[in-house]
Amino acid sequence: MSAVDLARLQFALTTSFHFLFVLLTLGLITLLVIMQTRFTITGAPVHERMTRFWGRIYVINYALGIVTGIVMEFQFGLNWSGLATYAGDVFGAPLALETLIAFFLESTFLGLWIFGWGKLNRWVHLALLYLTALTAYASAFWIMAANGFLQHPVGYRVEGNVLRLDDFSALLSNPTFNSALMHVIFASITVGGVFLTGVSAYHFIKRTPEVDFFRRSLRMGVITTALATPSLIGAGFAQFPIIAEFQPGKTEATPWVGAPLGFMILIGMTLTMVSWVTLPLLIKDAVIRLRFPLYLMVIGIPLPFMAAIFGWMFREIGRQPWLIYGLLKTEDAVSHVEPQQILLSLIVFTSLFVLLACVDWALIARAVRRGPDVAPAPVSPLVVSL
Amino acid sequence: METLWLVVLGTLTVGYFALAGFDYGTGLLLPFRRREEALQRMTPFFLGNEVWLVAAIGVLFAAFPRLEGELLSGAHSTFTLVLAGLVLFMAAVQLRLWWWLVFTGALMVSVGWGLFLAHLMEAPWPLALVMPVLFALHGWVFQTRNWKLFPVTALLCALPIPLAFSSIDTTGLMAHVDTLGLLAWVAIPIIPLVVLLQWSTVAISSR
(Lines give C-alpha, C1' and ligand atoms only; values in the text may rest on other atoms or scores of the structure.)
Protein backbone atom coordinates (compact mmCIF):
# COMPACT_ATOMS: atom_id res chain seq x y z
CA MET A 1 0.00 0.00 0.00
CA SER A 2 1.16 3.53 -0.73
CA ALA A 3 1.52 6.31 1.84
CA VAL A 4 -1.81 7.83 0.69
CA ASP A 5 -3.72 4.57 1.07
CA LEU A 6 -2.25 3.93 4.51
CA ALA A 7 -2.92 7.48 5.67
CA ARG A 8 -6.50 7.28 4.39
CA LEU A 9 -7.10 3.97 6.11
CA GLN A 10 -5.69 5.37 9.33
CA PHE A 11 -7.88 8.47 9.09
CA ALA A 12 -10.98 6.36 8.43
CA LEU A 13 -10.27 4.13 11.42
CA THR A 14 -9.39 6.87 13.92
CA THR A 15 -12.32 9.08 12.87
CA SER A 16 -14.77 6.21 13.12
CA PHE A 17 -13.55 5.24 16.58
CA HIS A 18 -13.59 8.85 17.69
CA PHE A 19 -17.08 9.39 16.38
CA LEU A 20 -18.50 6.46 18.36
CA PHE A 21 -17.46 8.28 21.55
CA VAL A 22 -18.74 11.62 20.25
CA LEU A 23 -22.21 10.25 19.49
CA LEU A 24 -22.72 8.87 22.97
CA THR A 25 -21.27 12.00 24.62
CA LEU A 26 -23.61 14.35 22.76
CA GLY A 27 -26.60 12.07 23.16
CA LEU A 28 -26.16 11.52 26.88
CA ILE A 29 -25.40 15.15 27.76
CA THR A 30 -28.70 16.18 26.16
CA LEU A 31 -30.63 13.72 28.29
CA LEU A 32 -28.60 14.57 31.41
CA VAL A 33 -29.63 18.21 31.01
CA ILE A 34 -33.29 17.12 31.16
CA MET A 35 -32.69 14.85 34.17
CA GLN A 36 -30.76 17.37 36.23
CA THR A 37 -33.17 20.18 35.37
CA ARG A 38 -36.03 18.07 36.70
CA PHE A 39 -34.04 17.29 39.83
CA THR A 40 -33.12 20.91 40.43
CA ILE A 41 -36.72 22.09 40.04
CA THR A 42 -38.54 19.28 41.85
CA GLY A 43 -35.84 18.09 44.25
CA ALA A 44 -37.11 14.52 43.76
CA PRO A 45 -34.39 11.98 44.65
CA VAL A 46 -35.15 9.74 41.65
CA HIS A 47 -34.03 12.49 39.27
CA GLU A 48 -30.85 12.98 41.20
CA ARG A 49 -30.11 9.27 41.10
CA MET A 50 -30.81 9.22 37.38
CA THR A 51 -28.41 12.11 36.82
CA ARG A 52 -25.75 10.29 38.81
CA PHE A 53 -26.14 6.92 37.15
CA TRP A 54 -26.28 8.17 33.55
CA GLY A 55 -23.80 10.93 34.40
CA ARG A 56 -21.17 8.43 35.46
CA ILE A 57 -21.52 6.57 32.16
CA TYR A 58 -21.26 9.88 30.35
CA VAL A 59 -18.06 10.84 32.19
CA ILE A 60 -16.39 7.47 31.51
CA ASN A 61 -17.17 7.82 27.83
CA TYR A 62 -16.05 11.45 27.69
CA ALA A 63 -12.70 10.82 29.37
CA LEU A 64 -11.83 8.00 26.98
CA GLY A 65 -13.20 9.91 24.01
CA ILE A 66 -10.73 12.73 24.66
CA VAL A 67 -7.87 10.33 23.97
CA THR A 68 -9.19 9.45 20.53
CA GLY A 69 -9.72 13.15 19.88
CA ILE A 70 -6.09 13.98 20.64
CA VAL A 71 -4.89 11.40 18.13
CA MET A 72 -7.36 12.78 15.57
CA GLU A 73 -6.02 16.28 15.99
CA PHE A 74 -2.35 15.29 15.70
CA GLN A 75 -3.14 13.25 12.64
CA PHE A 76 -3.74 16.32 10.48
CA GLY A 77 -0.18 17.45 11.04
CA LEU A 78 1.37 13.98 11.03
CA ASN A 79 -0.14 12.55 7.86
CA TRP A 80 -1.81 15.43 6.04
CA SER A 81 0.61 18.33 6.31
CA GLY A 82 -0.38 19.40 2.78
CA LEU A 83 -3.82 20.36 4.08
CA ALA A 84 -2.51 22.83 6.67
CA THR A 85 0.11 24.21 4.28
CA TYR A 86 -2.45 24.91 1.56
CA ALA A 87 -5.66 25.67 3.46
CA GLY A 88 -4.66 26.14 7.11
CA ASP A 89 -5.64 29.81 7.03
CA VAL A 90 -9.25 28.94 6.23
CA PHE A 91 -9.82 25.36 7.37
CA GLY A 92 -7.77 25.99 10.52
CA ALA A 93 -10.04 28.79 11.75
CA PRO A 94 -13.10 26.64 12.63
CA LEU A 95 -10.76 23.91 13.85
CA ALA A 96 -8.98 26.26 16.27
CA LEU A 97 -12.31 27.73 17.37
CA GLU A 98 -13.43 24.20 18.17
CA THR A 99 -10.42 23.53 20.36
CA LEU A 100 -10.61 26.90 22.11
CA ILE A 101 -14.31 27.78 22.45
CA ALA A 102 -15.65 24.28 22.58
CA PHE A 103 -13.26 21.61 23.79
CA PHE A 104 -11.02 23.72 26.05
CA LEU A 105 -14.04 25.21 27.83
CA GLU A 106 -16.18 22.07 27.69
CA SER A 107 -13.70 19.90 29.57
CA THR A 108 -13.13 22.65 32.10
CA PHE A 109 -16.85 23.09 32.80
CA LEU A 110 -17.22 19.34 33.01
CA GLY A 111 -14.36 19.09 35.50
CA LEU A 112 -16.03 21.66 37.69
CA TRP A 113 -19.35 19.81 37.36
CA ILE A 114 -17.76 16.50 38.41
CA PHE A 115 -15.87 17.84 41.39
CA GLY A 116 -18.48 20.40 42.36
CA TRP A 117 -21.14 17.73 42.95
CA GLY A 118 -22.72 18.36 46.35
CA LYS A 119 -20.34 21.22 47.03
CA LEU A 120 -21.84 23.93 44.85
CA ASN A 121 -25.24 25.56 44.97
CA ARG A 122 -27.47 23.26 42.94
CA TRP A 123 -28.49 25.97 40.49
CA VAL A 124 -24.83 26.81 39.87
CA HIS A 125 -24.18 23.11 39.43
CA LEU A 126 -27.02 22.86 36.92
CA ALA A 127 -25.69 25.90 35.05
CA LEU A 128 -22.34 24.10 34.70
CA LEU A 129 -24.05 21.15 33.03
CA TYR A 130 -25.87 23.52 30.66
CA LEU A 131 -22.55 25.15 29.80
CA THR A 132 -20.97 21.73 29.24
CA ALA A 133 -23.83 20.79 26.91
CA LEU A 134 -23.67 24.11 25.10
CA THR A 135 -19.94 23.82 24.48
CA ALA A 136 -20.37 20.19 23.41
CA TYR A 137 -22.83 21.34 20.77
CA ALA A 138 -20.45 24.15 19.83
CA SER A 139 -17.85 21.47 19.23
CA ALA A 140 -20.11 19.73 16.73
CA PHE A 141 -20.89 23.11 15.18
CA TRP A 142 -17.26 24.03 14.45
CA ILE A 143 -16.19 20.56 13.35
CA MET A 144 -19.07 20.38 10.90
CA ALA A 145 -18.24 23.90 9.68
CA ALA A 146 -14.69 22.69 8.97
CA ASN A 147 -15.98 19.54 7.29
CA GLY A 148 -18.51 21.55 5.29
CA PHE A 149 -15.60 23.57 3.89
CA LEU A 150 -13.92 20.38 2.66
CA GLN A 151 -17.17 19.31 0.94
CA HIS A 152 -17.83 22.69 -0.66
CA PRO A 153 -15.10 25.32 -0.15
CA VAL A 154 -16.40 28.87 0.37
CA GLY A 155 -15.18 32.14 1.88
CA TYR A 156 -11.61 31.88 0.56
CA ARG A 157 -9.38 33.59 -2.00
CA VAL A 158 -6.32 32.10 -3.68
CA GLU A 159 -3.10 33.97 -2.98
CA GLY A 160 -0.02 32.48 -4.62
CA ASN A 161 -0.22 28.78 -3.79
CA VAL A 162 -2.19 29.04 -0.57
CA LEU A 163 -5.78 29.83 0.42
CA ARG A 164 -6.57 32.91 2.50
CA LEU A 165 -9.65 33.58 4.62
CA ASP A 166 -11.86 36.03 2.77
CA ASP A 167 -15.31 35.84 4.29
CA PHE A 168 -15.71 33.94 7.55
CA SER A 169 -19.51 34.24 7.55
CA ALA A 170 -19.62 32.29 4.26
CA LEU A 171 -18.18 29.31 6.13
CA LEU A 172 -21.14 29.47 8.53
CA SER A 173 -23.84 29.77 5.86
CA ASN A 174 -22.31 27.00 3.79
CA PRO A 175 -25.19 24.77 2.57
CA THR A 176 -23.08 21.61 3.04
CA PHE A 177 -22.65 22.59 6.70
CA ASN A 178 -26.09 23.49 8.03
CA SER A 179 -28.22 20.47 7.20
CA ALA A 180 -25.32 18.10 7.94
CA LEU A 181 -24.95 19.66 11.41
CA MET A 182 -28.63 19.07 12.17
CA HIS A 183 -28.28 15.52 10.87
CA VAL A 184 -25.34 14.86 13.21
CA ILE A 185 -27.08 16.42 16.21
CA PHE A 186 -30.27 14.40 15.77
CA ALA A 187 -28.17 11.28 15.18
CA SER A 188 -26.49 11.85 18.57
CA ILE A 189 -29.81 12.39 20.33
CA THR A 190 -31.08 9.19 18.72
CA VAL A 191 -28.00 7.37 20.04
CA GLY A 192 -28.76 8.73 23.52
CA GLY A 193 -32.39 7.61 23.30
CA VAL A 194 -31.57 4.12 22.01
CA PHE A 195 -28.81 3.74 24.63
CA LEU A 196 -31.12 4.71 27.51
CA THR A 197 -33.80 2.35 26.22
CA GLY A 198 -31.42 -0.58 25.74
CA VAL A 199 -29.67 -0.27 29.09
CA SER A 200 -32.98 0.06 30.94
CA ALA A 201 -34.35 -2.94 29.04
CA TYR A 202 -31.28 -4.93 30.13
CA HIS A 203 -32.12 -4.20 33.76
CA PHE A 204 -35.72 -5.32 33.29
CA ILE A 205 -34.49 -8.54 31.69
CA LYS A 206 -32.34 -9.01 34.82
CA ARG A 207 -35.47 -8.42 36.96
CA THR A 208 -34.14 -5.24 38.54
CA PRO A 209 -35.63 -4.16 41.86
CA GLU A 210 -35.20 -0.54 40.64
CA VAL A 211 -38.51 -0.61 38.75
CA ASP A 212 -39.35 3.08 39.05
CA PHE A 213 -35.85 4.20 38.10
CA PHE A 214 -35.57 2.12 34.94
CA ARG A 215 -39.21 2.57 33.99
CA ARG A 216 -38.63 6.31 33.83
CA SER A 217 -35.34 5.85 31.96
CA LEU A 218 -36.90 3.50 29.43
CA ARG A 219 -39.81 5.83 28.76
CA MET A 220 -37.43 8.73 28.36
CA GLY A 221 -35.32 6.70 25.92
CA VAL A 222 -38.24 5.61 23.77
CA ILE A 223 -39.82 9.07 23.66
CA THR A 224 -36.46 10.67 22.81
CA THR A 225 -35.90 8.21 19.96
CA ALA A 226 -39.40 8.74 18.62
CA LEU A 227 -39.02 12.51 18.70
CA ALA A 228 -35.48 12.63 17.28
CA THR A 229 -35.71 10.14 14.40
CA PRO A 230 -38.19 12.03 12.15
CA SER A 231 -35.99 15.16 12.32
CA LEU A 232 -32.91 12.98 11.79
CA ILE A 233 -34.38 11.55 8.60
CA GLY A 234 -35.64 14.97 7.51
CA ALA A 235 -32.20 16.52 7.89
CA GLY A 236 -30.76 13.54 6.03
CA PHE A 237 -33.00 13.81 3.00
CA ALA A 238 -32.60 17.60 2.98
CA GLN A 239 -28.99 16.98 1.96
CA PHE A 240 -29.74 15.24 -1.33
CA PRO A 241 -30.56 18.40 -3.33
CA ILE A 242 -27.43 20.04 -1.87
CA ILE A 243 -25.26 17.08 -2.87
CA ALA A 244 -26.84 17.10 -6.33
CA GLU A 245 -25.93 20.75 -6.73
CA PHE A 246 -22.38 20.80 -5.28
CA GLN A 247 -21.10 17.22 -5.59
CA PRO A 248 -23.00 15.76 -8.55
CA GLY A 249 -20.70 12.72 -8.87
CA LYS A 250 -20.95 11.69 -5.21
CA THR A 251 -22.90 8.46 -5.64
CA GLU A 252 -20.56 7.32 -8.43
CA ALA A 253 -17.29 8.10 -6.62
CA THR A 254 -16.72 4.36 -6.13
CA PRO A 255 -18.97 1.54 -7.32
CA TRP A 256 -20.02 0.55 -3.81
CA VAL A 257 -20.42 3.94 -2.10
CA GLY A 258 -24.21 3.61 -2.36
CA ALA A 259 -24.19 0.58 -0.05
CA PRO A 260 -23.35 2.34 3.23
CA LEU A 261 -25.91 5.02 2.32
CA GLY A 262 -28.55 2.35 1.84
CA PHE A 263 -27.75 0.64 5.14
CA MET A 264 -27.87 3.95 6.99
CA ILE A 265 -31.30 4.79 5.59
CA LEU A 266 -32.55 1.32 6.41
CA ILE A 267 -31.43 1.60 10.05
CA GLY A 268 -32.88 5.12 10.35
CA MET A 269 -36.26 4.01 9.02
CA THR A 270 -36.29 0.94 11.27
CA LEU A 271 -35.55 2.97 14.40
CA THR A 272 -38.26 5.48 13.54
CA MET A 273 -40.84 2.82 12.94
CA VAL A 274 -39.97 0.73 15.99
CA SER A 275 -39.90 3.71 18.34
CA TRP A 276 -43.33 4.90 17.17
CA VAL A 277 -44.77 1.42 17.50
CA THR A 278 -43.37 1.26 21.03
CA LEU A 279 -44.95 4.57 22.10
CA PRO A 280 -48.50 3.22 22.66
CA LEU A 281 -46.97 0.16 24.35
CA LEU A 282 -45.62 2.46 27.07
CA ILE A 283 -49.16 2.72 28.41
CA LYS A 284 -49.44 0.64 31.57
CA ASP A 285 -45.88 -0.59 30.90
CA ALA A 286 -47.11 -3.13 28.34
CA VAL A 287 -43.72 -3.15 26.65
CA ILE A 288 -42.03 -4.23 29.87
CA ARG A 289 -44.60 -6.88 30.72
CA LEU A 290 -44.45 -8.36 27.21
CA ARG A 291 -40.72 -8.94 27.83
CA PHE A 292 -39.66 -9.96 24.31
CA PRO A 293 -39.38 -6.30 23.12
CA LEU A 294 -36.81 -5.82 25.89
CA TYR A 295 -34.42 -8.19 24.12
CA LEU A 296 -34.85 -6.27 20.86
CA MET A 297 -34.05 -3.05 22.69
CA VAL A 298 -30.74 -4.44 23.96
CA ILE A 299 -29.84 -5.81 20.53
CA GLY A 300 -30.71 -2.42 19.05
CA ILE A 301 -28.05 -0.46 20.97
CA PRO A 302 -25.33 -0.73 18.25
CA LEU A 303 -27.69 0.15 15.38
CA PRO A 304 -27.54 3.98 15.46
CA PHE A 305 -23.75 3.80 15.92
CA MET A 306 -23.46 1.67 12.80
CA ALA A 307 -25.77 3.97 10.86
CA ALA A 308 -23.62 6.99 11.75
CA ILE A 309 -20.43 5.29 10.54
CA PHE A 310 -22.17 4.31 7.28
CA GLY A 311 -23.28 7.91 6.86
CA TRP A 312 -19.75 9.22 7.28
CA MET A 313 -18.43 6.63 4.85
CA PHE A 314 -20.81 7.92 2.22
CA ARG A 315 -19.98 11.56 2.92
CA GLU A 316 -16.20 11.11 2.94
CA ILE A 317 -15.65 8.41 0.33
CA GLY A 318 -18.10 10.16 -1.96
CA ARG A 319 -15.87 13.26 -1.95
CA GLN A 320 -12.87 11.42 -3.38
CA PRO A 321 -10.50 12.00 -5.12
CA TRP A 322 -10.75 15.44 -3.52
CA LEU A 323 -9.72 16.40 -0.01
CA ILE A 324 -11.03 19.93 -0.54
CA TYR A 325 -13.63 19.54 -3.26
CA GLY A 326 -12.35 20.90 -6.55
CA LEU A 327 -9.26 22.48 -4.96
CA LEU A 328 -6.92 19.96 -3.35
CA LYS A 329 -6.55 16.29 -4.25
CA THR A 330 -6.18 13.81 -1.38
CA GLU A 331 -2.96 12.42 -2.88
CA ASP A 332 -1.42 15.93 -2.95
CA ALA A 333 -2.10 16.60 0.73
CA VAL A 334 -0.33 13.62 2.24
CA SER A 335 2.84 14.36 4.25
CA HIS A 336 6.26 13.53 2.85
CA VAL A 337 6.90 10.60 5.15
CA GLU A 338 7.89 7.01 4.50
CA PRO A 339 4.96 4.60 4.10
CA GLN A 340 6.59 2.43 6.78
CA GLN A 341 6.23 5.23 9.32
CA ILE A 342 2.53 5.57 8.57
CA LEU A 343 2.16 1.80 8.68
CA LEU A 344 3.80 1.73 12.12
CA SER A 345 1.50 4.42 13.50
CA LEU A 346 -1.49 2.73 11.83
CA ILE A 347 -0.76 -0.54 13.60
CA VAL A 348 0.00 1.13 16.94
CA PHE A 349 -3.07 3.39 16.97
CA THR A 350 -5.49 0.80 15.65
CA SER A 351 -4.50 -1.73 18.30
CA LEU A 352 -4.60 0.90 21.05
CA PHE A 353 -8.00 2.15 19.88
CA VAL A 354 -9.40 -1.36 19.89
CA LEU A 355 -8.07 -1.60 23.44
CA LEU A 356 -9.64 1.77 24.27
CA ALA A 357 -13.03 0.76 22.87
CA CYS A 358 -12.83 -2.43 24.96
CA VAL A 359 -11.91 -0.43 28.08
CA ASP A 360 -14.80 1.95 27.42
CA TRP A 361 -17.16 -0.96 26.94
CA ALA A 362 -15.84 -2.75 30.06
CA LEU A 363 -16.11 0.34 32.28
CA ILE A 364 -19.56 1.29 30.99
CA ALA A 365 -20.80 -2.30 31.27
CA ARG A 366 -19.51 -2.39 34.81
CA ALA A 367 -21.26 0.87 35.71
CA VAL A 368 -24.43 -0.41 34.05
CA ARG A 369 -24.37 -3.76 35.84
CA ARG A 370 -23.80 -2.11 39.19
CA GLY A 371 -27.00 -0.16 38.67
CA PRO A 372 -27.94 3.11 40.34
CA ASP A 373 -26.38 3.95 43.69
CA VAL A 374 -28.24 3.17 46.84
CA ALA A 375 -25.98 5.44 48.88
CA PRO A 376 -24.56 8.61 47.27
CA ALA A 377 -21.23 7.97 45.51
CA PRO A 378 -18.88 10.19 43.52
CA VAL A 379 -19.56 10.70 39.80
CA SER A 380 -15.95 10.69 38.71
CA PRO A 381 -14.99 7.42 37.04
CA LEU A 382 -11.53 7.92 38.48
CA VAL A 383 -12.76 7.22 41.95
CA VAL A 384 -14.33 3.99 40.79
CA SER A 385 -11.89 1.11 40.95
CA LEU A 386 -12.26 -2.32 39.43
CA MET B 1 -0.39 40.36 15.80
CA GLU B 2 2.35 37.83 15.02
CA THR B 3 3.93 38.40 18.44
CA LEU B 4 0.57 37.97 20.13
CA TRP B 5 0.16 34.49 18.60
CA LEU B 6 3.66 33.49 19.58
CA VAL B 7 2.73 34.44 23.14
CA VAL B 8 -0.58 32.52 22.96
CA LEU B 9 1.11 29.40 21.61
CA GLY B 10 3.89 29.78 24.17
CA THR B 11 1.39 30.13 27.05
CA LEU B 12 -0.56 27.05 26.00
CA THR B 13 2.54 24.91 25.50
CA VAL B 14 4.17 26.03 28.72
CA GLY B 15 0.82 25.47 30.48
CA TYR B 16 0.76 21.90 29.23
CA PHE B 17 4.31 21.11 30.26
CA ALA B 18 4.04 22.80 33.64
CA LEU B 19 0.90 20.77 34.43
CA ALA B 20 2.23 17.60 32.81
CA GLY B 21 4.46 16.82 35.76
CA PHE B 22 1.41 16.27 37.98
CA ASP B 23 0.09 13.26 36.20
CA TYR B 24 3.02 11.91 34.19
CA GLY B 25 5.28 12.65 37.15
CA THR B 26 2.94 10.77 39.47
CA GLY B 27 2.87 7.91 36.95
CA LEU B 28 6.65 7.75 36.86
CA LEU B 29 6.85 7.70 40.65
CA LEU B 30 4.31 4.90 41.08
CA PRO B 31 6.93 2.18 41.70
CA PHE B 32 8.23 4.18 44.67
CA ARG B 33 5.10 5.49 46.34
CA ARG B 34 1.85 4.29 47.89
CA ARG B 35 -0.02 3.86 44.66
CA GLU B 36 -3.66 4.30 45.64
CA GLU B 37 -2.90 7.45 47.56
CA ALA B 38 -0.72 8.89 44.80
CA LEU B 39 -3.36 8.29 42.12
CA GLN B 40 -6.07 9.70 44.37
CA ARG B 41 -4.12 12.90 44.82
CA MET B 42 -3.68 13.24 41.07
CA THR B 43 -7.38 12.76 40.26
CA PRO B 44 -8.55 16.40 40.11
CA PHE B 45 -5.63 17.23 37.81
CA PHE B 46 -6.05 14.27 35.51
CA LEU B 47 -6.91 15.39 31.94
CA GLY B 48 -6.39 18.98 33.08
CA ASN B 49 -3.15 19.23 31.15
CA GLU B 50 -4.16 17.32 28.02
CA VAL B 51 -6.75 20.03 27.51
CA TRP B 52 -3.88 22.50 27.16
CA LEU B 53 -2.14 20.26 24.67
CA VAL B 54 -5.25 20.02 22.48
CA ALA B 55 -5.65 23.80 22.55
CA ALA B 56 -1.96 24.30 21.69
CA ILE B 57 -2.14 22.00 18.66
CA GLY B 58 -5.35 23.71 17.51
CA VAL B 59 -3.62 27.09 17.67
CA LEU B 60 -0.56 25.66 15.95
CA PHE B 61 -2.75 24.47 13.08
CA ALA B 62 -4.68 27.70 12.56
CA ALA B 63 -2.05 30.34 13.37
CA PHE B 64 1.06 28.53 12.13
CA PRO B 65 -0.32 26.35 9.33
CA ARG B 66 2.96 26.05 7.46
CA LEU B 67 4.87 25.12 10.59
CA GLU B 68 2.41 22.58 12.01
CA GLY B 69 2.68 19.99 9.27
CA GLU B 70 6.46 20.16 9.02
CA LEU B 71 6.93 20.03 12.77
CA LEU B 72 4.67 17.03 13.28
CA SER B 73 5.35 15.00 10.15
CA GLY B 74 9.08 15.70 10.56
CA ALA B 75 9.04 13.70 13.79
CA HIS B 76 6.40 11.14 12.78
CA SER B 77 7.65 8.16 14.77
CA THR B 78 8.42 10.25 17.85
CA PHE B 79 4.84 11.47 17.93
CA THR B 80 3.61 7.93 17.43
CA LEU B 81 5.45 7.14 20.66
CA VAL B 82 4.06 10.20 22.50
CA LEU B 83 0.49 9.53 21.41
CA ALA B 84 0.68 5.80 22.07
CA GLY B 85 1.97 6.66 25.56
CA LEU B 86 -0.89 9.13 26.06
CA VAL B 87 -3.53 6.60 25.04
CA LEU B 88 -2.01 3.94 27.27
CA PHE B 89 -1.59 6.29 30.21
CA MET B 90 -5.09 7.70 30.10
CA ALA B 91 -6.75 4.34 29.61
CA ALA B 92 -4.65 2.73 32.33
CA VAL B 93 -5.34 5.44 34.91
CA GLN B 94 -9.06 4.99 34.44
CA LEU B 95 -8.98 1.23 34.28
CA ARG B 96 -6.84 0.96 37.45
CA LEU B 97 -6.09 -2.64 36.70
CA TRP B 98 -2.33 -2.80 36.42
CA TRP B 99 -0.34 0.09 37.85
CA TRP B 100 2.71 -0.73 35.69
CA LEU B 101 0.65 0.19 32.61
CA VAL B 102 0.21 3.67 34.08
CA PHE B 103 3.97 3.80 34.64
CA THR B 104 4.77 2.56 31.11
CA GLY B 105 2.38 5.09 29.57
CA ALA B 106 3.90 7.97 31.53
CA LEU B 107 7.40 6.83 30.60
CA MET B 108 6.54 6.63 26.89
CA VAL B 109 5.00 10.12 26.87
CA SER B 110 7.87 11.76 28.71
CA VAL B 111 10.64 10.03 26.76
CA GLY B 112 8.73 10.88 23.57
CA TRP B 113 8.61 14.57 24.43
CA GLY B 114 12.29 14.42 25.32
CA LEU B 115 13.11 12.88 21.94
CA PHE B 116 11.08 15.53 20.15
CA LEU B 117 12.83 18.37 21.97
CA ALA B 118 16.23 16.77 21.35
CA HIS B 119 15.28 16.50 17.67
CA LEU B 120 14.38 20.22 17.58
CA MET B 121 17.61 21.26 19.28
CA GLU B 122 19.61 18.81 17.15
CA ALA B 123 20.97 17.43 20.38
CA PRO B 124 22.07 13.80 20.90
CA TRP B 125 19.16 11.51 21.86
CA PRO B 126 20.27 10.69 25.45
CA LEU B 127 19.25 14.26 26.26
CA ALA B 128 15.68 12.96 25.89
CA LEU B 129 16.01 11.35 29.33
CA VAL B 130 16.03 14.81 30.91
CA MET B 131 12.24 15.08 30.42
CA PRO B 132 11.22 12.01 32.46
CA VAL B 133 13.61 13.14 35.20
CA LEU B 134 12.10 16.64 35.24
CA PHE B 135 8.53 15.29 35.19
CA ALA B 136 9.32 12.87 38.00
CA LEU B 137 10.90 15.65 40.04
CA HIS B 138 7.84 17.86 39.49
CA GLY B 139 5.58 14.95 40.35
CA TRP B 140 7.53 14.32 43.55
CA VAL B 141 7.23 17.97 44.61
CA PHE B 142 3.51 17.80 43.90
CA GLN B 143 2.99 14.51 45.73
CA THR B 144 4.93 15.61 48.82
CA ARG B 145 3.14 18.99 48.76
CA ASN B 146 6.41 20.83 48.78
CA TRP B 147 4.75 24.06 47.63
CA LYS B 148 7.90 26.17 48.05
CA LEU B 149 9.77 24.17 45.44
CA PHE B 150 6.68 23.90 43.28
CA PRO B 151 7.13 26.96 41.03
CA VAL B 152 10.76 25.99 40.52
CA THR B 153 10.03 22.51 39.18
CA ALA B 154 7.06 23.79 37.14
CA LEU B 155 9.43 26.26 35.52
CA LEU B 156 12.02 23.53 34.96
CA CYS B 157 9.48 21.34 33.17
CA ALA B 158 8.39 24.20 30.93
CA LEU B 159 11.85 25.64 30.31
CA PRO B 160 12.95 23.22 27.56
CA ILE B 161 10.08 24.47 25.36
CA PRO B 162 11.22 28.06 24.73
CA LEU B 163 14.78 26.72 24.44
CA ALA B 164 13.81 24.28 21.73
CA PHE B 165 11.42 26.56 19.90
CA SER B 166 13.73 29.56 19.84
CA SER B 167 15.61 27.87 16.99
CA ILE B 168 12.54 28.11 14.72
CA ASP B 169 12.09 31.12 12.48
CA THR B 170 8.35 31.64 11.99
CA THR B 171 8.47 34.23 9.21
CA GLY B 172 6.27 33.13 6.33
CA LEU B 173 4.94 30.16 8.29
CA MET B 174 2.11 32.01 10.02
CA ALA B 175 -1.45 32.48 8.85
CA HIS B 176 -2.61 35.70 7.22
CA VAL B 177 -3.31 38.56 9.60
CA ASP B 178 -7.06 38.29 8.79
CA THR B 179 -7.23 34.79 10.26
CA LEU B 180 -5.07 35.76 13.23
CA GLY B 181 -7.24 38.80 13.98
CA LEU B 182 -10.44 36.77 13.93
CA LEU B 183 -9.07 34.13 16.28
CA ALA B 184 -7.53 36.67 18.66
CA TRP B 185 -11.01 37.75 19.79
CA VAL B 186 -11.59 34.24 21.02
CA ALA B 187 -8.20 33.21 22.36
CA ILE B 188 -7.54 36.23 24.57
CA PRO B 189 -10.59 35.97 26.86
CA ILE B 190 -10.69 32.18 26.94
CA ILE B 191 -7.24 31.39 28.30
CA PRO B 192 -7.64 33.35 31.57
CA LEU B 193 -11.16 31.94 31.92
CA VAL B 194 -9.87 28.37 31.69
CA VAL B 195 -7.13 29.12 34.23
CA LEU B 196 -9.74 30.50 36.62
CA LEU B 197 -12.10 27.54 36.15
CA GLN B 198 -9.37 24.92 36.49
CA TRP B 199 -8.15 26.62 39.62
CA SER B 200 -11.71 26.54 41.00
CA THR B 201 -11.97 22.83 40.25
CA VAL B 202 -8.82 22.14 42.22
CA ALA B 203 -9.91 24.43 45.05
CA ILE B 204 -13.32 22.74 45.26
CA SER B 205 -12.03 19.20 45.11
CA SER B 206 -9.55 19.78 47.92
CA ARG B 207 -12.29 21.18 50.14
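How many residues of chain B are in contact with chain A, and how many of chain A with chain B? In this predicted model, 55 residues of chain B touch 57 residues of chain A; two residues are in contact if their C-beta atoms, placed from the backbone, lie within 7 Å.

Some ground rules first. Residues are numbered from 1 along each chain as its sequence is written, and chains are lettered from A, ligands numbered from 1, in the order in which they are written. Because the model is predicted, local features need pLDDT of at least 70 and side-chain atom pairs count only at pLDDT 80 or more, while totals for chains, interfaces and linings use all residues.

**Where the chains meet**

On the side of chain B that touches chain A, the elements giving two or more residues are α3 (48–63), α4 (65–73), α5 (76–95) and α10 (177–205) of chain B. Helices (H or I, at least four residues) and strands (E, at least two) are DSSP runs, numbered from the N terminus. The largest share, 14 residues, comes from α10(B). By type, this side of chain B has 33 nonpolar, 15 polar and seven charged residues; Ala, Val, Leu, Ile, Met, Phe, Trp, Tyr, Cys and Pro count as nonpolar, Asp, Glu, Lys and Arg as charged, and the others, Gly among them, as polar.

Let us zoom in on one pair of helices. α2 (residues 45–79) of chain A packs against α4(B) at an angle of about 90°, with their axes 6 Å apart. The two are therefore roughly perpendicular, a term for angles of 65 to 115 degrees. A:F74, A:G77 and A:L78 of α2(A) meet B:E68, B:G69, B:L71, B:L72 and B:S73 of α4(B).

An unreviewed UniProt entry places the feature "transmembrane region" at several stretches of chain B, including residues 97–117 and 149–168. Such annotations may be inferred rather than shown by experiment. Here is how these two stretches look in the model.

**Local details in chain A**

Helix α7(A) bends by about 25° at A:A228, and a proline, A:P230, follows within four residues; the bend is the angle between axes fitted to the seven residues ending there and the seven starting there.

Two loops also deserve a look. The peptide bond from A:Q320 to A:P321 is cis, with omega near 5°, and A:P321 sits in the loop between α12 (302–317) and β3 (322–324) of chain A. A:D285 is not a glycine, yet has a positive phi of about 55°; this residue lies in the loop between α9 (258–281) and α10 (286–290) of chain A.

Technical notes: Axes are lines fitted to C-alpha atoms, for helices over the stretch in contact, and angles run from 0 to 180 degrees between N-to-C directions. Angles under 35 degrees count as roughly parallel, over 145 as roughly antiparallel, 65 to 115 as roughly perpendicular and the rest as oblique.
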